[in-house]
Amino acid sequence: MTAGLKFYAGYPITPSSEIFEYLAMKLPERGGTVIQFEDEIASINAVIGASWGGVKAMTATSGPGFSLMVEGLSLAIMTETPLVIAYVMRAGPSTGIATKSGQYDVMQVRWAAHGNYELVVYAPWSVQELYDLTINSFNVSETLRVPVILLSDATLAHIWERVVLKDPNEALVINRKKPKVSKELYKPFEPEEDLVPPMASFGEGYRVMVESLTHDERGYYKATTEIQRKLVWRLINKVRKNMHMLVDSASYFVEDADYVIVSYGSTARSAYGLVKELRSRGVKVGLYRPKLLWPVDEESLIKSTRNAKKVFVVENNAGVYVNEVSRVLRHKEVFSIPVIDVEIPPPESIYEVMKEWM
Amino acid sequence: MDVTHPLDPYLRTDRLPHLWCPGCGIGIAISSLLRAINKHIMEGHLKQDDIAAVSGIGCTARATLYLNFDSAHVIHGRAIPFATGLKLVKPNLKVIVIGGDGDLAAIGGNHLLHAARRNMDLTVIMVNNMIYGMTGGQVAPTTPTGVYTTTTPLGNYEYSINVVKFISTLNANYVARASVTHPHILEKYIYTALSKEGFSLVEVISPCPELFGRHIGYKDPVELFNKLKSLIRFEEKPQIEKSDIIWGNEIIIGEFINDNKKSFLRIIGRGV
Ligand SMILES: Cc1ncc(C[n+]2csc(CCOP(=O)(O)OP(=O)(O)O)c2C)c(N)n1
């Protein structure tokens, strides 16, 4: 709401429903709309429609719901629709354990939607970061006209922590850019230098054409290699070329570290505890924590592990993000430390697996 | 662009010719829609810039590519949710959903049902050609029992859905069935649908000579059109119980529901 949210559509699912219930109470007071749909498919598509109506819109869900949303996500990417999805991970596959945590969906979130694209995904580790990165997610989605996903989990969703909220007037809030040319000259998918097209809303007289088919700058369907290439590369490059405004990570004790742990989201809290514990015993270990999970912030990952002899990727799943880390650090020894736990894996469980390789 | 037809201002004429086959009924459905819109505009009820056209995927759904309104051609089955999100944040827009029977009643059936349940402020034009056109003539939930299609080579053995009967059990303010063989009635129903608050649905019976007629012995579009025309029966006060579509029997057209229940937007205090 600080970021200017005006529309929420959703379908209840643990552990994301608190977001929905809170907004159902608070958003209408602020002139916004909250609606419960018949499923997650309707929810994501309504969010896209609302965004084209000119407002900031979001939904929240968990694994089963996100699985239903991915066709809509692909539509949002194709139609360059700003929106935010709060994805609160729970233990899977399938219905799994609705109330319990895990980080199984880190790859699904990135790749489940069809077509080729870049996707912006943030992974907060605290309530404060949930708040800050939500505002940031809206800003990124509005700036680049992309869907942005805020990836948390059951642990973070149910935790109670101190949080400092911003005055809406103090917070940095970015709104999508509007057309600068006349209605006659406006083309809904004509990019500016940053590769992002200004966005007219419905009802402003621009006669927008929201098109899920491959389209030219007017939004007109074209089935040619030339237009397909141009569109796909622009959709990808508008994210890649603007990485500087997306990157966000934190490193702890990495300067002199022989071992660097890479960990994200709630699991990184335990990894941090372990690092501090090992440091107190004189072990030179550090932590690198990407907040931007996708696209991979290769630069900061390389920088934070520069002096490390070994890198450990600690995650609450069977070991998935480690493949990205190994790809980026291909000349380093990278170890997967997958610790499946329905809560945050405790530091001891992490250490138990890790110590074998230290 | 030179105006060569009175309805040209409502078309993206630079995108013509359209992709519909000769003998297809969608063109008549869309021209009827445009005449109804034009009438509302001429009478001062509507402005062109306040109209939004939303469609999913299919031959019928392609209409939004040609319409000179704010338009969205989204994904198969999901026009209604997109339109609902849009309408909720822009209540002053007249949001029109255009789609085929597969788009709206099969993959999108859940959304159709719930939009009618909510009496959501949308006008839905569903062209029922009793077949999946765009994908090549597969069976649709509207395909009458016994009819041959590319996925029912021995004839359709399923019961079909009667959309007007189904939607009439919910809270829609307007439910009508028309046919492209009777375009004046069609235009009148769309005109009425557009003047309604809440949910309105016009089912438009329409021939698909390429993919429906061809497999059941009507190789010539005119033959199929005439056959359909002969089956259509207009009723001033049609009975829902008699509205099932059985191929070969009479197909009842008429206004099944014409009501003024409080619409969704009225209920939440956003009515315009
Ligand atoms: C999710 C998904 N499934 C399947 C399709 C393929 N598809 C495109 S149009 C269509 C059905 C078209 O039939 P209908 O909605 O009745 O419209 P018509 O073409 O007859 O006007 C299908 C199955 C798709 N585009 N998306």
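Two strands pair if DSSP finds at least two bridges between them. Helices (H or I, at least four residues) and strands (E, at least two) are DSSP runs, numbered from the N terminus. Strand E7 (residues 209-211) of chain A and E2(B) are joined by 3 bridges and run parallel. In this pairing A:Met209 stands opposite B:Ser71 of E2(B).

The model is predicted: local features need pLDDT of at least 70, side-chain atom pairs count only at pLDDT 80 or more, and totals for chains, interfaces and linings use all residues. Residues are numbered from 1 along each chain as its sequence is written, chains are lettered from A and ligands numbered from 1 in the order in which they are written, and side-chain values use heavy atoms, with hydrogens and water left out.

**The interface**

Contact here means heavy atoms within 4.5 Å. Chain B brings 35 residues to it and chain A brings 39 residues. Together the two chains bury about 3100 Å², with 55% of that on carbon and sulfur atoms. Buried area is the accessible area (1.4 Å probe) that two parts lose on being put together, summed over both. On the chain B side, B:Asp70, B:Ile75 and B:Phe82 lose the most area to chain A, together 18% of what that side buries.

Polar contacts are pairs of N or O atoms within 3.5 Å; within protein, one must be able to donate a hydrogen and the other to accept it, and residues adjacent in sequence count only if both atoms are side-chain atoms. Between chain B and chain A, 21 residue pairs meet this rule, both at pLDDT 80 or more. In chain B, strand E2 (70-73), helix H2 (79-89) and helix H4 (109-118) each supply at least two residues of the side that touches chain A. H2(B) gives the most, with 7 residues. By class, that side of chain B has 15 nonpolar, 10 polar and 10 charged residues. Ala, Val, Leu, Ile, Met, Phe, Trp, Tyr, Cys and Pro count as nonpolar, Asp, Glu, Lys and Arg as charged, and the others, Gly among them, as polar.

There are 3 salt bridges between the chains (a side-chain nitrogen of Lys or Arg within 4 Å of a carboxyl oxygen of Asp or Glu). One of them links A:Arg218 and B:Asp14, at 3.9 Å, N to O.

**The ligand**

The ligand lies between chains A and B.

| Residue | Polar atom | Distance to a ligand oxygen atom |
|---|---|---|
| B:Cys59 | backbone | 2.7 Å |
| B:Thr60 | side-chain | 2.7 Å |
| B:Met134 | backbone | 2.9 Å |

Technical notes: A residue is near a molecule or strand if one of its heavy atoms lies within 4 Å of it.
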